Amino acid sequence: MKLLIGSLQLGLLYGVLALGIYISFRILSIPDLTTEGSFAFGLSVSAAITAAGHPVLAILAAMAAGALAGSVTGLLQTRFRIHPILSGIITMSGLYSINLAVLSGSPNLSLVRAATLFKLIPFLSKNDAMTVIPIVMALLFLVLIILFFHTHIGMCIRAVGDNEDMVRASSINVNACKVLSFSVSNALVALSGALIAQYQGYADVSSSTGILVVGLASVIIGEAVFGRRSVTLGFISAVVGSLVYRYIIALATRYSPLPAYMLKLVSAVIVALALAIPALRQNMKEARQKQGGKAHA
Amino acid sequence: MLDIQNAVKVFEKGTPIEHTALNHVSLHMAPGEFLTIIGSNGAGKSTLFNAICGSFLLNEGRIALDGQDITFLKEHKRALHIGRVFQDPMKGTAPHMTIEENLSLAYSRATAKPLSFAPSRKQAALFRDKIAEFGMNLEDRMKTKVGMLSGGQRQAVTLLMCTIVPPKLLLLDEHTAALDPATADKVMEITKRTVEQHHLTTLMITHNMASALAIGSRTIMMDAGQILFDFSGEERARTTVDDLLRLYSDSRHKVLDNDRMLLQKNG
C-alpha cells in the first residue's frame, strides 16, 4: 500500500517534469539539457525560500527561476546561434555554481523543521497533503498547459517545431517563440524540483543528475501507452508515463536484485531501447528482404 | 507596387568561390501586374525571391514594397505583406498540424491575439468556405493533418495560406514543378483564379516557357544575375518559345542550359 501511494505521489510530482520535457523534446524536437540544471535550480530556490519561511512564494520563485534559465538557453540558441544541445550544456554547467550559491555554498539543505507546503494545508494531515497536493498540482498544470497549447501563441510554438520556415513565412517571430517555449518548459521542470524539495523535506543539488533521462523515459513510456496523436493526448501521456515509470522503478527496487543506484542505468537503457525501436524494425525488415531475395535467386 | 533598384548580391565575397548572384538588377512592377520569370539554372531567379523576402541582405541596391523601403526589414516582418509558395510542397505547411491549424496560423497575420483560442469557430467556417472554392475536396478534411495530404493538395493549402489575407506581393517559385501534369494544371488554374480575385501583384518563376508566355501580363528572362529581356503587351503577345530560345543564344552565345526547360520547349 505504501509503495502504491508513494509511487503515485512521486509519479505525479515528476509528471510536472515530464510535461516540461514533452515541450522541448516532442514539440520543439530538441532534447534540452538545461533541464539537468533547472530542476536543481527549482529545488534549491524552493528549499532556500521555504527555509526562510515562505513555502508558497518558494514555489513561485522557483518557477520564475526555471523560466529564466530556459530563456538563457533560448537566447543562446536564437540570438547567438549556438548549437541547441551546446546551449543547454552551457546553461546547465553555469547553474551548478548558481545552485550551490542559492544554498549558501552547501550542496544540501534540510527542511525538517521548516513549514513546507505539505504541512500548511488546513483540514489535511501532512500524510494526506502529500497525496492531495501532487494530484492537484499535476492536474492543474496539465490542464493549463493543454489550454496554452491551443491558444494562438501555443499553436505558433507547435508550428515552430514542425516547420520553422513556414512560421517565418507567416510573419511570426520564430526566435521569440523558441525563447518562450524554453521558458515555459523549464518553469515546469523547476516547479517539479520545487515540489520535490518540499515533499522530501530536503534539497540535494546532485539529485538532478540524470533527471533528463527520467523525463524522457516518462514521455516515451507514455507514448508507448497512448501512441502519438495530438498534443492534448501527448501531455496526458507524459504524466501517465511518469506514473508508470515510478511503478516500474518501485517494483524493480523491491523485487529485483539490483541496488537502488542502478536506477539511472535502467532508465537510460529504457530510453535508448525505446528510441532505437524504429531503426531496429527497419533493420529487421531489410534483413528479411535480403533473405527473401536469396530465396528467389 | 514592387520597386527593386540596382540590387547586387555577391555570395562568398572575397573568397576564390566568389559568385555574383544578382548583378545590378532593377525591376519595377505596377499594382496587379502578373510577371513570369524564366531563366537557366543559376540565373538568379530564386536569389531574387530570397532578396525580396529578406533571407539575406543585399550588398548594394534598395527594395521598396508599396512605397515602403524594406531593404533592411527583418524577414518575418516582410512576410506580413509577402506570400510565397515554394516548389517543394513540404516547405509551406506544418505536417503534424491540421489543415485548419495551418490556415489559422497564416490568418493570424490579420488578427493576432496571442492568447485567444485558435482557430475560433468563426475562423474555422471561413477556412472551410475558402478551401471549398478550390474544388479539391479538402473542405471535409479540415481536421486532417497536412502531412497526410498529396503534394498537390498541400500546394493548394499553401496557396490559400499565402492569400487568405491578401498579400501585397505573391511569389510563386516553380510551385507546380513537383506535381504530376494533371495536378499541376489544377493548381495553376486555382492560382490564376486567386490572383485575379484579389488583383494580386505576382511574380512566378517557371521552367515552362510556353506557360510563362501564356500566363500573366509580363515575362522576364534572367541570366547570370541579370535581366536579359523584359516583354509585355503587344511585343509579348507576338513572342514564341522559339523566339525566346533564339534571343537567348544570340545574346549570350550559348545554349540555354536548363534541362527541364528544354524538355518543355515543345510542351
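In the predicted model, B:Gly83 has B:Leu170, in strand 7 of chain B, as its bridge partner. Strand 7 (residues 169-173) and strand 6 of chain B run parallel and are joined by four bridges. Strands here are DSSP runs of E with at least two residues, helices are runs of H or I with at least four residues, and both are numbered from the N terminus; two strands pair if DSSP finds at least two bridges between them. Residues are numbered from 1 along each chain as its sequence is written, and chains are lettered from A in the order in which they are written. Because the model is predicted, local features need pLDDT of at least 70, side-chain atom pairs count only at pLDDT 80 or more, and totals for chains, interfaces and linings use all residues.

In helix 1 of chain B (residues 45-53), the buried residues (20 or more other C-beta atoms within 10 Å of their own, C-beta atoms being placed from the backbone) include B:Leu48, B:Ala51 and B:Ile52. Just after helix 1, B:Gly54 takes a positive phi of about 90°.

Between the chains, 19 residues of chain A are in contact (C-beta atoms, placed from the backbone, within 7 Å) with 25 residues of chain B. Helix 7 (152-162) and helix 8 (164-169) of chain A each supply at least two residues of the side of chain A that touches chain B. Helix 7 gives the most, with seven residues.

Terms used:
Contact = placed C-beta atoms within 7 Å. Buried ≥ 20, exposed ≤ 12 C-beta atoms within 10 Å, placed from the backbone.
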